[in-house]
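This report sets out the domain contacts, the ligand surroundings and the salt bridges of the structure shown below.

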Amino acid sequence: MAETLRLWRHARLATCDAAARRIERGALLTRGARIEWVGEEQALPAVTPDESHDLGGAWVTPALIDCHTHLVFAGNRAAEYAERLRGRSYADIARAGGGILSSVRALRAASEQQLFDESAPRLAAFLAEGVTTIEIKSGYGLTLEDEAKMLRVARELGRAFPVTVRTTLLAAHTVPPEYQGRADDYIDAVAREWLPALAHAGLVDAVDVFCEGIAFSVAQAERLFAAARALGVPVKMHAEQLSNLGGSLAAARLGALSCDHLEYAGEAEAAALAAAGSAAVLLPVAFYCLADTHKPPVAALRSAGAAIAVASDCNPGSAPGTSLLTAMSMATRLFGLTAEEALLGVTRHAAQALGLAGQRGALAPGAAADFVVWNVGAVEELGYWIGFNPRRTVVRAAEVQRWPNQKS
Ligand code: DI6
Ligand code: FE
């Protein structure tokens, strides 16, 4: 059966492709689930579409991509946040057995169904803002079975909701109690046993490591990355969040898809990431919630020509947020991104951070026909409103989504 040819006309387009064009009188043609043509409506090819949609002159962008989340978790850490408000530091709480380890205890005690039920409303909040692709990391299980449980829930969310889920194994998030004082043995177990088993089970799209004084060293990250490379699994890194250990230089050298956080990175790291084509993923909600003051090197990333992405980092500790639009606002105000950079950060560059460059995150021929129609007068409004959602209609795989839209 021939794939449905759909015309989407009378639209203002922010293409977010390599040319990052704004087209005031634009149109899109989609065939099946992909975009076939994008341009000025007056230049439309002479075709007879099966369906035609008049978008009423509204702004259209690629659907949003959240390229860094820890969305599947159990419980919350509001009590720790209260402690931090009284002056205790995140690292201090972590060293005392709280922090990530307190979420590990909660996750291990939760059933797969509970985990799904707790995570689903968070995912729904992202989708309501026009997210159709989201990365979800493991990292609160820290046993083979509990990491598998998290990744299965992430996959199940992708089947239950209209969203593409990319899973990332972050077993190297912190040293679990079973391996206290034996971080090298833990990395060996993850690299030699867990990663191959989970990858063969189809649960792993990428591997991540928290490279930090309170977590894992560069040498340990490199060992894990070598195992991932042997399996053909791409790698990413939480790097330079609280200090500079040289993680992002190593990750760039090894061709990581992305380095994330980067508050303590500098010009050398920015140049290395740009040269390697590793996306620089900024996580301003964590910066905000930790009352951090050390900013990522945005000017250096910009002048080096790095692909700057913006993500929510949704997690129960440092970033308890479910709004990618709010992350855009924070990336502009707190880190100095331009409105255009913030938009590219949740579209084209976020796709690159997930290894989906050219396939998603742009209104371009060949890309997935995932886009959002907005109730805005200018696309700059997307990183401007705080706590207000201007989404009108979400289109995924060229289908108007009845949910989360009020009307279609
Ligand atoms: N960096 C983060 O921002 C999250 N993980 C990480 O390595 C925070 C995780 C948490 O505090 O639960
Ligand atoms: Fe994170």
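## A salt bridge between domains

E340 and R22 form a salt bridge, with their closest N and O atoms 2.1 Å apart; the term denotes a side-chain nitrogen of Lys or Arg within 4 Å of a carboxyl oxygen of Asp or Glu. Across the interface of domain 1 and domain 2, the rule finds 1 salt bridge.

## Basis of the values

This is a predicted model, in which local features need pLDDT of at least 70 and side-chain atom pairs count only at pLDDT 80 or more, while totals for chains, interfaces and linings use all residues. Residues are numbered from 1 along each chain as its sequence is written, chains are lettered from A and ligands numbered from 1 in the order in which they are written, and side-chain values use heavy atoms, leaving out hydrogens and water.

## Domain arrangement and interface

Domain 1 comprises 5–62 + 362–401, and domain 2 comprises 64–353; these bounds come from an automatic or database domain assignment. The centres of the two domains, taken over C-alpha atoms, are separated by 30 Å. Domain 1 contributes 23 residues to the contact and domain 2 contributes 20 residues, where contact means heavy atoms within 4.5 Å.

About 1700 Å² is buried between domain 1 and domain 2, and carbon and sulfur atoms give 58% of this area. Buried area is the accessible area (1.4 Å probe) that two parts lose on being put together, summed over both. Of the area that domain 1 buries against domain 2, C16, L382 and R396 supply 28%, more than any other three residues.

An N or O atom in the side chain of Y140 is 2.6 Å from an oxygen atom of ligand 1. For S318, an N or O atom in the side chain is 3.1 Å from a ligand 1 oxygen atom. In the case of Q241, a side-chain N or O atom is 3.3 Å from a nitrogen atom of ligand 1.

## Salt bridges in the model

The count by the salt-bridge rule comes to 28. One of the pairs is R155 with D205, whose closest N and O atoms are 3.1 Å apart. R155 belongs to helix 5 (residues 144–160) and D205 to the loop between helix 6 (183–200) and strand 8 (206–211), so the pair ties together parts that are 50 residues apart in sequence. Helices (H or I, at least four residues) and strands (E, at least two) are DSSP runs, numbered from the N terminus.

Methods: A polar contact is a pair of N or O atoms within 3.5 Å; within protein, one must be able to donate a hydrogen and the other to accept it, and residues adjacent in sequence count only if both atoms are side-chain atoms.
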